[in-house]
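Hi,

Here is the structure I promised to pass on.

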Amino acid sequence: MYEQVSHSMLNEILAELKAEVESHQLRHFYTRLGANFYAIHSLFRLLYGDRPDFKEQMVSLVETLAARYIEREPSLRKSDLAREKDYNWFLSQKWVGMALYCDRFADGLKGLRSRLPYLQDLGINMLHIMPILDCPPGNSDGGYAVRDFRRVNSRYGATEDIVELAATLRKRDILLVLDVVVNHTSNEHEWAQKARKGEKKYQDYYYVFDNRDIPDIYEETMPEIFPVNSPGNFTWDEEMGKWVMTVFNSYQWDLNYHNPAVLIEMIDIILFWANKGADILRLDAVAFLWKKIGSTCQNEREAHLLLQLLKDCCQVTAPGVLFIAEAIVAPGEIAKYFGEDAINAKECEIAYNATFMSLLWDAVATKNALLLNRGVRSLPDKLERATWLNYVRCHDDIGLGFSDDDARLSGYDPFRHRRFLVDYFTGKFPGSPARGLPFGDNPKTGDTRISGSLASLVGLETALERNDKEAIDAAIKTILLMHGMILSFGGIPLLYYGDAIGTLNSAAYLEDQTKRHDNRWVHRSHFDWVKAEKRHQPGTVEHRIFSALKRMIALRKETTAFADFDNRQLLAVDNPNLLVFFRSDQQNCRNKILVAANFNIEPQSLHVGALRSYGFFLQDGMKDLCSCTHIPVGNDAIVIPPLSFYWLAD
Ligand code: OTU
């Protein structure tokens, strides 16, 4: 948009920059800056307009965008232009992701290259490498306590290895996802060190207080994120002689975005990694970006304004790069991280679908789809050019983040129901085969989350120990059922590295002093390549899971109705054990898939009468894509076996 105030400022800034940038090919940079400058200026003014150094900061921001653009490799600039043209590229059904640790799945970044055939065998073409940046050896929170945002942890390799890996991945059409931990730094980061030494400039990078007066007021309304490992939201720093805000672990200092210098530093870091070849950046803990007294300090309006600014700025320099919002918050809040009142994503193009994840786990424990149906129905509408990241497990605990209202409408008392789920997944509930561990138990709120690997949570560990064939079958079916849902729901499925071979919990973390207090490490084990080899041996658990997943992934990629164009319709069915929805291809509405899943341990009937009006079951049955079998209609119903799903086509 053309607007005089911002435009005249833009002209001034460009005049100042002219000399530096004249020699570079900046046509696209200028066009994009012109297109986004009004938005950037408005947002920056909303956040920082009152400051006397507003204009200086604005200049410094534009200088940063220009400097990083000048550095951007021609091949990456080319890819930006290609994606600009093919703007729906990431909504395609062809993408299937996996998250892994480069040191646990492979032997660091170099080693990862030789493991790519495994990923390609399965069909993975989006690779989220868990945090790789320099961290203190002990207090690193699995890489989320960064000491140097521009240096790769030497245990994993060098920064150049990432550039090489990115190039290798690009040749294979695999997307690279890297983390940017935007909310906090390690207490050993240079900024924190300088703050500790008393440098006021860097104390202003954090929330630093002389005494408990202000922290106590904050604490009245701020929840605790790690109530067991790191209670409270402030830490006394002996060297600095001050309190500092530490929402996560005591060694993770929250960055103060009330200071524009922090925002500009972070934009610079984001663009630095975009220039190293990352296709997608996962922005960690985005809900926490803005702290305000009297609030929970989560999901604040300003956090959204900051994300819009990050997006607008990234679009100027590296428009082909997408953001993933990691906002594990209430269902109604998550979708706001795509951007409100917009058609296309104006914050993050992709967001973790934590709601769907928790609903799937609910269905596994209750063995029905009551709450799952309600929760899916209440999922907020997504924007046109935005998509979900659908997952079953990740490196974190499982938070039971479905809505209380939906729980009530399903006939549950939300508090007691969550208790039941925790008891179920920690194996306390009579008859439960699950082997999860309680995480972040908060006696003040009664809130508990759950750690554990997928296979151990669905009972595979127990079943194998007991050598109980039926229970092994049930666990494998559950693993496939959950993946069948994330592969067909709409959005990018993100698998977790051990899950395709049924990796169980590992107690190895208990031997490590720096990890033993944090039981999320129970599901972050070293990938077992000997076990992985068994995927070639028919009859083994590994083969059963891997080969079925591989097939499902291949089918997803062929099935255009699985692309994400708001083309899912949930169907109301009278059997509460079933989740039934259909997906249709926007280009060719005859390409329709009916997804029907049974979460119960008994076979269940799906009456097809009502489905005929949607064009299903007009003949005597349909074909299930996964098993390649004909599913007949009898008594106007089809039968879905226990813990199974169909992808039905004409
Ligand atoms: C994220 O976590 C990371 O995924 C965790 O591994 C880190 O410990 C944490 O940030 C701090 O960097 O912030 O928006 O329930 O789901 O802490 C959600 C625990 C987060 C995680 C939550 C999450």
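First, the ground rules. This is a predicted model, so local features need pLDDT of at least 70 and side-chain atom pairs count only at pLDDT 80 or more, while totals for chains, interfaces and linings use all residues. Residues are numbered from 1 along each chain as its sequence is written, and side-chain values use heavy atoms, with hydrogens and water left out. Helices (H or I, at least four residues) and strands (E, at least two) are DSSP runs, numbered from the N terminus.

**The ligand**

The ligand has 18 residues around it, and the closest are Asp141, Asp284, His395, Asp396 and Arg449. To count as near, a residue needs one of its heavy atoms within 4 Å of the molecule.

(Buried is under 20% relative accessible area, exposed over 50%, partly exposed in between, with a 1.4 Å probe and protein chains only.) Beyond its neighbours within four places in sequence, Asp284 is in contact with Tyr144, Val180, Val181, Val182, Asn183, His184 and Glu326; contact means heavy atoms within 4.5 Å.

**The six-stranded sheet**

Now for the sheet: it is open, with six strands in the order β18-β19-β20-β25-β22-β23 and antiparallel pairing. (Two strands pair if DSSP finds at least two bridges between them.) At the edges are β18 (568-570) and β23 (629-632), each pairing on one side only. From one strand to the next, the twist averages 30 degrees. Within the sheet, β22 (residues 621-624) and β25 (residues 644-649) are joined by two antiparallel bridges, and Lys623 faces Ala649 in β25. Packed on the sheet is helix α20 (residues 469-488), which touches β19 (578-584), β20 (592-598) and β25, and its direction makes about 40 degrees with that of β25. Axes here are lines fitted to C-alpha atoms, for helices over the stretch in contact, and angles run from 0 to 180 degrees between N-to-C directions.

Elsewhere, β8 (residues 234-237) and β9 (residues 242-245) pair antiparallel over four bridges, with Asp237 opposite Lys242. They make a hairpin with four residues between them, and Gly241 in the turn has a positive phi of about 70 degrees.

Helix α14 (residues 354-366) has 13 residues and spans 18 Å from first C-alpha to last, close to the expected 18 Å, where the expectation is 1.5 Å times one less than the number of residues. It is mostly covered, with 13 of its 13 residues buried. Just after α14, Lys367 has a positive phi of about 60 degrees.

In helix α3 (residues 54-71) you'll find Arg68, which is buried at 14% relative accessible area. Its side chain makes a polar contact of 2.4 Å with that of Asp268. Leaving out residues up to four places away in sequence, Arg68 also touches Leu271, Phe272, Asn275 and Thr317.

Most residues other than glycine have a negative phi. Asp173, between α7 (159-171) and β5 (175-180), has a positive phi of about 60 degrees and is partly exposed at 39%. Asn635, between β23 and β24 (637-640), has a phi near 55 degrees and is exposed, with a relative accessible area of 78%.

Technical notes
A polar contact is a pair of N or O atoms within 3.5 Å; within protein, one must be able to donate a hydrogen and the other to accept it, and residues adjacent in sequence count only if both atoms are side-chain atoms.
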